[in-house]
Amino acid sequence: EMELFPFVGDEKASFKTPGAVGYERYLEHIETNLQGDTPLAFGLHPNAEIGFRTQQSEALFQTLQDLQPAEAGDDESGMS
């Protein structure tokens, strides 16, 4: 086995290669041992994901806000 995250000192973020096995076993190993993308896999600080998710959320809410209809009327009923 070889550690694929050698630059990570934290034992929680570890991804070791399996021994010489078939294709199906490689897929199974990836699906069971690599549950989600971690910034550590890319050599980033764990807090890098916080900034990324914050930017995604801001972009989503800006898009939702842009999709809201603009108020066109000045009368009290809100209809033009």
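Predicted model: local features only at pLDDT ≥ 70, side-chain atom pairs only at ≥ 80, totals over all residues.
Of the 80 residues in this protein chain, 11% count as buried, where buried means under 20% relative accessible area, exposed means over 50%, and partly exposed lies in between, with a 1.4 Å probe and protein chains only. Residues are numbered from 1 along each chain as its sequence is written, and side-chain values use heavy atoms, with hydrogens and water left out.

The chain exposes about 7,000 Å², and carbon and sulfur atoms supply 55% of that area; accessible areas come from the Shrake-Rupley method with a 1.4 Å probe, and for residues only the protein chains shown count as cover. Among contacts with a separation of 6 or more, 21% join residues 24 or more positions apart, a contact being heavy atoms within 4.5 Å.

Turning to secondary structure, the chain has two helices and zero strands. These are DSSP runs numbered from the N terminus: helices are H or I with at least four residues, strands E with at least two.

Which residue meets Arg25 in a salt bridge? The partner is Glu28, at 3.2 Å from N to O; a salt bridge is a side-chain nitrogen of Lys or Arg within 4 Å of a carboxyl oxygen of Asp or Glu. Arg25 and Glu28 are three residues apart in helix H1, residues 23–33, and so about one helical turn separates them. Arg25 is partly exposed at 47% relative accessible area, and Glu28 is partly exposed at 42%.

The structure holds two salt bridges, and the other pair to show joins Arg53 and Glu49, with the closest N and O atoms 3.3 Å apart. Both residues lie in helix H2, four residues apart, about one turn of the helix. Arg53 is partly exposed at 42% relative accessibility, as is Glu49 at 28%.

Helix H2 covers residues 48–67 and includes Leu64. Together with Leu60, Phe61 and Leu67, Leu64 forms a nonpolar surface patch of about 430 Å² accessible area. Patches are made of residues with over 30% relative accessible area and no salt bridge, joining like charges within 9 Å and nonpolar side chains (Val, Leu, Ile, Met, Phe, Trp, Tyr) within 5 Å. Leu64 itself is partly exposed, at 40% relative accessibility.
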